[in-house]
Amino acid sequence: MDARLNYSASQTAGKVLRPVMAAGRAVKESPLPVATQELVAIRVSQINGCAACIDMHTKEAAAAGETPVRLNLVAVWREATVFTDAERAALALAEEGTRVADAAGGVGDEAWAKAAEHYDEEQLTALVILVSFMNMVNRLNVITRQPAAGDYEAGQFH
């Protein structure tokens with residue numbers, strides 16, 4: 001699959017994506033646990049069909065010590081016994097935040113309340129920004145078929 005646009009050759013993309021990527025780095029440095037960040041990034045990317053982001057975040061998660069079992073079960077997290085209640089709350093919020101067009105009410109009060117039970121305001125802020133960030137990056141990649149999955153190496157963009 002060939003990319004439809006070359007973001008690295010575009011002045012407009014450069015002007016826009018530099019601060020966007022800086023925002024992504026800021027979220028990575030937030031108090032939201034790294035495991036939660038990677039699980040959420042993977043799940044959002046699975047929903048949106050962003051192969052490049054799934055490739056990146058599964059490799060980053062593995063490099064950070066995530067187990068293959070948990071990585072393989074992200075897509076079915078509701079039925080899996082390997083996730084904490086806090087991770088489940090984050091994944092539920094991420095799914096509802098990603099599927100806002102599918103649910104007229106957006107993120108429901110129950111999903112928000114469960115996430116708020118496990119994360120403080122700074123962590124919730126990071127979680128909301130992460131979900132929004134991943135949805136934007138997924139769309140940039142999916143719309144323009146950027147880049148092919150499989151070649152990413154952990155730490156490549158960090």
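Predicted model: local features only at pLDDT ≥ 70, side-chain atom pairs only at ≥ 80, totals over all residues.

Colleague: Understood. At what angle do the axes of α6 and α7 cross?

Modeller: The axes of α6, residues 109-118, and α7, residues 121-144, cross at roughly 130° and come within 9 Å. The two helices are therefore oblique to each other, and their crossing is right-handed.

Colleague: Which residues make that contact?

Modeller: On the α6 side they are W112, A115, A116 and H118, and α7 contributes Q123, L124 and V128. Sorted by class, this contact of α6 with α7 has five nonpolar residues, two polar ones and no charged ones.

Colleague: Now α2 and α7, please. How do their axes cross?

Modeller: Helix α2 spans residues 34-48, and its axis comes within 9 Å of that of α7, with a crossing of roughly 40°. That angle makes α2 oblique to α7. The crossing of α2 and α7 is right-handed.

Colleague: And which residues are in contact there?

Modeller: From α2 there are Q37, V40, A41, V44, S45 and N48. From α7 there are L127, L130, V131, M134, N135, N138, R139 and V142. The residues of this α2 and α7 contact divide into eight nonpolar, five polar and one charged.

Colleague: What about α3 against α7?

Modeller: The axes of α3 and α7 come within 8 Å and cross at roughly 130°, so this pair is oblique as well. The contact is made by A52, C53 and H57 of α3 together with M134, V137, N138 and N141 of α7. Four of the contact residues are nonpolar, three are polar and none is charged.

Colleague: Let us change topic. How much space lies in the largest pocket?

Modeller: About 920 Å³. There are 37 residues lining the largest pocket, and the closest to its centre are M21, M56, V137, N141 and F157.

Colleague: Which elements give two or more residues to that lining?

Modeller: They are α1 (11-28), α2, α3 (51-63) and α7. Helix α1 provides the largest share, with ten residues.

Colleague: How does the lining divide by class?

Modeller: The lining of the largest pocket has 21 nonpolar, ten polar and six charged residues.

Conventions: Residues numbered from 1 in each chain as written. Heavy atoms only, no water. Axes fitted to C-alpha atoms, helices over the stretch in contact; angles between N-to-C directions. Helix = DSSP H or I, 4+ residues; strand = E, 2+ residues; numbered from the N terminus. Parallel < 35°, antiparallel > 145°, perpendicular 65-115°, else oblique. Left-handed = near helix turned anticlockwise from the far one by under 90°. Contact = heavy atoms within 4.5 Å. Nonpolar A, V, L, I, M, F, W, Y, C, P; charged D, E, K, R; others polar. 1 Å grid on protein atoms, 1.4 Å probe; cavity = no way out; pocket = protein on both sides within 12 Å on 5 of 7 lines; lining within 4 Å. Points joined across faces, edges and corners; volume = space filled by probe spheres on them.
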